[in-house]
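Please read the following note with the model open beside you. The points are numbered so that each can be checked in turn.

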There are 2 protein chains.
Amino acid sequence: MAVRADALRNRETLLAAGRALLSRESAEIAFEDVAATAGLGKGTLYRHFPTREHLVAALLQERFDALTTDAEFLLGADYPLDAVEHWLRTYDRYPVSARGLSARFGEALADRESAVSTACVPMKQGFAALLARAQEAGLARRDIDVAELLAVIASLPRLSRDEDGSSPFLDVILRGIRA
Amino acid sequence: MAVRADALRNRETLLAAGRALLSRESAEIAFEDVAATAGLGKGTLYRHFPTREHLVAALLQERFDALTTDAEFLLGADYPLDAVEHWLRTYDRYPVSARGLSARFGEALADRESAVSTACVPMKQGFAALLARAQEAGLARRDIDVAELLAVIASLPRLSRDEDGSSPFLDVILRGIRA
DNA sequence: ACCTGAACACCGTTCAAGT
DNA sequence: ACCTGAACACCGTTCAAGT
């Protein structure tokens, strides 16, 4: 049950390499290259992260956690709908950047089986609570699937981005959510 | 300048093979397999379709054409906003199905350089005209990027689909479009 | 003018051998 | 218990030789 020190260190090295690759290339990452950049064997990479999805999930974990905290905090806000919109803007602005990553993210969020999907369950629940409050106040529509909403926003084409990193199309969606 | 008969026939065979592959597999298509299924050499495939995008564009052409015709027809409708919504529902329901295809489609639509993008210029223009009419009537918002709107709808997660093939999330977007 | 398929390269994945 | 890298497989792409 004890985790060897070198195993832990390797895991960190792999994550660092993954982070570097994801932020550099706008396109796709050669999974193999993560191992190479980390200076480790391919087998080690596969041992720690069975699929590239698992690596992505681990990399996004911090962001998920931050967003979960945000949601919990906003639960105490005065205006439920404002809280929902504020959270979604933050969510959208989060530089899931790195092109392919956001697309993959969107697909994964909608697919309940995926590694990323389970990694962000708390975040989803946090936002669902926020939304529920707005719905109960009669401010938001009830026919909204949280997973789909988040997936759509995550995969908003990253082309037309404003300077602050937000997507102009988000306004259309926010407006569509209101009751 | 004259096209050889066998070249034309091969092109059709390749398209048929591509169609078959795209409708069967829910996931991705091995580009190579298109040539194999068609019973032709890889070189022939590459001659006709330099990238898999070009093949996809050719396959989608009929649909684009049909949608362009729809848009032209609806330009004569009585209620501009209804016309816009009707057209978008048809667009959404079009079984661009085959999983990966719709995602690829969404990305391509947003990317002006892509082969798919140029293939659907008339369709985009047709819809843009419909939308402009609704905007002039004060029924639709003006801050809408046509390419982005179509790209988003095309990449709506294909998971939660109603029986008729439409996405429930489309309602959120339609509502968000209204002035 | 077009077609073919061998040949090369790249990348994902596994696993026997090592520590 | 974990790491390594050779080895295999698959697929994309090119191109010299053929018709």
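1. Among the residues of chain A, A:Gly176 comes closest to the rotation axis, its C-alpha lying at 2.0 Å. Chain A can be laid on chain B by a turn of 180° and a shift of 0.0 Å along the axis, with an RMSD of 0.0 Å, where copies are superposed by least squares on the C-alpha atoms of residues with pLDDT of at least 70 in both. That is the relation of a two-fold axis.

2. Before going on, please keep in mind that this is a predicted model, in which local features need pLDDT of at least 70 and side-chain atom pairs count only at pLDDT 80 or more, while totals for chains, interfaces and linings use all residues. Residues are numbered from 1 along each chain as its sequence is written, chains are lettered from A and ligands numbered from 1 in the order in which they are written, and side-chain values use heavy atoms, with hydrogens and water left out.

3. Between the chains, 25 residues of chain A are in contact with 25 residues of chain B, contact meaning heavy atoms within 4.5 Å. The area buried between chain A and chain B is about 2000 Å², and carbon and sulfur atoms give 65% of that area; buried area is the accessible area (1.4 Å probe) that two parts lose on being put together, summed over both.

4. How many salt bridges does the rule find across the interface of chain A and chain B? The number is 0, a salt bridge being a side-chain nitrogen of Lys or Arg within 4 Å of a carboxyl oxygen of Asp or Glu. On the side of chain A that touches chain B, H10(A) gives the most, with 6 residues, and the residues of that side divide into 15 nonpolar, 3 polar and 7 charged.

5. Turning to the DNA, 18 residues surround DNA strand C, and the closest are A:Lys42, A:Tyr46, B:Arg4, B:Asn10 and B:Thr44; a residue is near a strand if one of its heavy atoms lies within 4 Å of it. Of the atoms of DNA strand C within 4 Å of the protein, 60% belong to sugar or phosphate, and the rest belong to bases.

6. In B:Asn10, a side-chain N or O atom is 2.4 Å from a phosphate oxygen of DNA strand C.

Conventions. Polar contact = N/O pair within 3.5 Å; in protein donor to acceptor, adjacent residues only side chain to side chain. Helix = DSSP H or I, 4+ residues; strand = E, 2+ residues; numbered from the N terminus. Nonpolar A, V, L, I, M, F, W, Y, C, P; charged D, E, K, R; others polar.
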